[in-house]
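I opened this entry to record what I looked up in the model, one topic at a time. The definitions I worked with are written beside the terms they belong to.

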Amino acid sequence: MPINIALITQNETLSNLFPIVAKERGFNSIIKPASFTKARKIALKLENEVDAIISRGATGELIKKVANIPAVSIPITSMDVFRAIYRAKQVSDNIALVFYKESRLNKLEVENMLNVKLTEFQFDTEYEINNVIAKVKQNNFKVIVGGMASTDVAIANGLIGITVETGEEALRQAVDEALSLIEVRRTELSRSARFKAILDSIGEGIIVTDQHKKIITSNPSANKMFNKTTKEILDKNIHCIIPNYKIDSILKSGKTETKVIKNLHGLTIAASRLPIKVEGKIIGVVNTFEDVTKIQTLEQMIRKKIHEKGFVARYHFEDILTQNERMKELKKLAFLYSKTDSSILIQGESGTGKELFAQSIHNSSNRKNGPFVAINCAALPEQLLESELFGYEGGSFTGAKKEGKQGLFELAHNGTIFLDEIGELSKPLQARLLRVLEEKEIMHIGGDKIIPVNIRIISATNEHLSTHIEKRTFRKDLYYRLNVFNIKLPPLRDRNEDIELLATHFLEALNTINVDYDAVLKNLTPILITYNWPGNVRELSNIMERVSLFIKNNEPIKWEKILQTVINNDEGKYTIKLNISNFGTLKDIINDVEKQIIKETVIRCDNDHGKAAERLGIGRTTLWRKMST
């Protein structure tokens, strides 16, 4: 890039010499004639046009104070002053020296050499020159020696002014100094621009402080994170921007702190602090801040893309088919629970639809766009279950993947994790789960870093956890953490009105075509209702699959054979479901059982009442009477 240097002077000799030196050194010269009083204004205007400014004496010193670019003052040597004094002696032996601040002249030696009397006067600002010259005149001096700023005023006040002239070598020296400063400045500006570009591009917030905790640098990410402008941050003590944020220990110990979790201004921040050392001395601290929520959101996007096929809840509340009033109330209750983030414990026998409820709750919650992760706590040995839940670092145990593995709690971040058969957790795992519930953070097996997680836990059990608590095999404090909200699902045997509805749904789902469902279920439902359903809805689904395969053969349907097929009752034994919820008399209960036996026998005999009466050892009239009462 071309170099532009300006010379501010009224000295004709310097003005003539400057372009010659510029051509030799290879830069563009700009000459601005200006008096001492006008030099400041001109220098400020030139800052955007030139790379450096050169001037002389008091003018040069003044410009160095106000300019934001390199400014060089042409040096005035003792020999330059000596020559001016020699010329002044031709006028008077009593000479006043008027300079900007104190001269470096050996006054006594010059006085002896030239046989003159020298008196020094000095000024610090442009406003003092007139006063100084007035004082010189009051002391009856006729001649002064000084720079052009002082000699011009002296001449205007009727005195003789001898201006100290600067030699060519001094100008060349000033030019070389200016070129050197320009090179250094350009290097620093380039380095600063690269440094700023790096800081601005970093997503982490960065605040650099000096050894007194004063902020000297911040990047846009930090400004945005703490809702401050650069002007509001710079030169402030870091405590003013981040209350209760301590870096004293870093300044004392010089030890780095990484990923310390802090709650700042309502944000969860991972803060790291790195001391700045120069020759072993701590001169500041680099503080980096990561918005954990933002990081987790980005991680979640990655996690969702990788695991979306495996960790998606497919069911909604409308998929839970029921005509049972109790189940309808439970659906309403579960929908209400879904609007919170509190833990839910679902109780019910195996096959009653606990996961169906868990998925429906997830899909109705504000976490529906997050993952739904389910695991059966009884399906894995303790050590394997722990590594699945919490993840591990590479090489932390024999057989571990070299790159490590994320745990299900991490993968469920911003979503829901469903822990089925929670009562099977070991005591150590119960303790770790309690920490997850209380602190919302985990640690990998073999790891040393805390990982924040934002999850909702839904657990399920087919047992009474109170029994486990009494036996001290399940922690009471964990039970209360899990059981904030509770849902108890009734078994299928208590939902007779749902059996035909669910049976129809399963047959339709199996794509059983060319089948009269009404006819099939008219004969099949009485059989299904009498069954006790130890496997609940899951068992009903399995049985309907067997029925589907049976009736696809297009053979005459033998309902007795179907009965034997669906409930594996090859010996023809009856499975009777007693309905004693109203606690009737023994006679009422016996009558109810008798009716069920007669009804099932008639079905097994393909509605042949004579055959049914014969099998039961009673007359047809008795059969009809018992069926009608």
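This is a predicted model: local features need pLDDT of at least 70, side-chain atom pairs count only at pLDDT 80 or more; totals for chains, interfaces and linings use all residues.

Residues are numbered from 1 along each chain as its sequence is written, and side-chain values use heavy atoms, with hydrogens and water left out.

**Overview**

I counted 27 helices and 22 strands in the protein. For burial I used relative accessible area, where buried is under 20%, exposed is over 50% and partly exposed is in between, with a 1.4 Å probe and protein chains only. On that scale, 44% of the 629 residues are buried. I then looked at contacts, meaning heavy atoms within 4.5 Å, and found that residues 24 or more positions apart account for 61% of those with a separation of 6 or more.

Two strands pair if DSSP finds at least two bridges between them. I found an open sheet of four strands in the order β2-β1-β3-β4, with parallel pairing. Its edge strands are β2 (28-32) and β4 (71-74), each of which pairs on one side only, and the twist from one strand to the next averages 25°. Strand β1 (residues 4-8) runs parallel to β2 and is joined to β2 by five bridges; Ile-5 has Ser-29 as its bridge partner in β2.

For directions I used axes that are lines fitted to C-alpha atoms, for helices over the stretch in contact, with angles from 0 to 180 degrees between N-to-C directions. Helix α1 (residues 12-25) lies across β1, β2, β3 (52-56) and β4, and runs at about 165° to β2. Helix α8 (residues 168-201) lies across β1, β3 and β4, at about 165° to β4.

**Salt bridges**

I defined a salt bridge as a side-chain nitrogen of Lys or Arg within 4 Å of a carboxyl oxygen of Asp or Glu, and a search of the whole structure gave 18 of them.

One is formed by Lys-328 and Glu-325, with the closest N and O atoms 3.6 Å apart. Both residues lie in helix α14 (residues 325-338), three residues apart, about one turn of the helix. An α-helix has 3.6 residues a turn, so residues three or four places apart point the same way. Lys-328 is partly exposed at 35% relative accessibility, while Glu-325 is exposed at 52%.

A second pair is Glu-388 with Lys-405, at 2.6 Å from N to O. This pair links distant parts of the chain, with Glu-388 in helix α16 (residues 382-390) and Lys-405 in strand β17 (residues 405-406), 17 residues apart. Lys-405 is partly exposed, with a relative accessible area of 27%.

I also looked at Glu-441 and Arg-435, whose side chains meet at 2.8 Å from N to O. Glu-441 is buried at 18% relative accessibility, and Arg-435 is partly exposed at 43%. Elsewhere, salt bridges that share partners join Glu-24, Glu-168 and Arg-172 into one network.

**A buried lysine, and the helix beside it**

Lys-331 is found in helix α14, and, leaving aside its neighbours within four places in sequence, Lys-331 is in contact with Phe-317, Ile-320, Thr-322 and Phe-357.

Phe-357 is among the buried residues of α15. Helix α15 (residues 354-363) is mostly covered, with eight of its ten residues buried. Those buried residues pack against α14, β14 (344-347), β15 (372-376), β18 (415-420), β21 (455-461) and β22 (485-488).

**Cysteines**

I looked for disulfides, taken as a pair of cysteine sulfur atoms within 2.5 Å, and the structure holds zero. Cys-240 is exposed at 55% relative accessibility, whereas Cys-377 is buried at 3%.

Note on methods
Helices (H or I, at least four residues) and strands (E, at least two) are DSSP runs, numbered from the N terminus.
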